[in-house]
Amino acid sequence: MQCRDNCGACCTAPSITSPIPGMPDGKPAGVPCVQLDQDQRCRIFGRPERPAFCGGLQPSAEMCGSSRVQAIHWLDALERATAP
């Protein structure tokens, strides 16, 4: 499955605890990553400084649903389920 145009849900909904260029302390859930461009695409996709967590999130029908809103809801639920 390919990423949906203008989505960025996986770069917004989850928290990321490892450093991201421009966000040395990671990012909290619900906050867009500073590496998202105007088209909601990752500026550091495929680069070594991209957090391993990000590379582990692969688009799937279950995660992405049929819209950005559905993806945000699914990722929010995952965030809550895996919170310490």
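Reader: Hey, which residues are exposed on the other side of α3?

Author: Those are V69, H73, R80 and A81. Just keep in mind that this is a predicted model.

Reader: OK, noted. And which residues in α3 are buried?

Author: A71, I72 and L75 are buried there. They cover an arc of only 100 degrees around the axis, so they sit on the same side of α3.

Reader: What do the buried residues of α3 pack against?

Author: They pack against α2, which is residues 61-64.

Reader: Nice. Switching topic: how many salt bridges does a search of the whole structure find?

Author: Two. In one of them, the side chains of D5 and R41 meet, with 2.7 Å from N to O.

Reader: Where do D5 and R41 lie?

Author: Both D5 and R41 are in the segment before α1, and α1 is residues 52-56. The two are 36 residues apart in sequence, so the pair ties together parts with that separation along the chain.

Reader: Got it. Which side chains meet in a salt bridge at 2.6 Å?

Author: Those of E49 and R47, and the 2.6 Å is again given from N to O.

Reader: How do E49 and R47 count for accessibility?

Author: E49 counts as partly exposed, at 29% relative accessibility. R47 is also partly exposed, and its value is 44%.

Reader: One last thing. I clicked on S66; where is its place?

Author: S66 is in the loop between α2 and α3. It's exposed, with a relative accessible area of 58%.

Reader: And what separates the C-alpha atoms of S66 and R4?

Author: They are 9.1 Å from each other, while along the chain S66 and R4 are 62 residues apart.

Technical notes. Residues are numbered from 1 along each chain as its sequence is written. This is a predicted model: local features need pLDDT of at least 70, side-chain atom pairs count only at pLDDT 80 or more; totals for chains, interfaces and linings use all residues. Side-chain values use heavy atoms; hydrogens and water are left out. A salt bridge is a side-chain nitrogen of Lys or Arg within 4 Å of a carboxyl oxygen of Asp or Glu. Helices (H or I, at least four residues) and strands (E, at least two) are DSSP runs, numbered from the N terminus. Buried means under 20% relative accessible area, exposed over 50%, partly exposed in between (1.4 Å probe, protein chains only). The arc is that of the directions from the helix axis to the C-beta atoms. Contact means heavy atoms within 4.5 Å.
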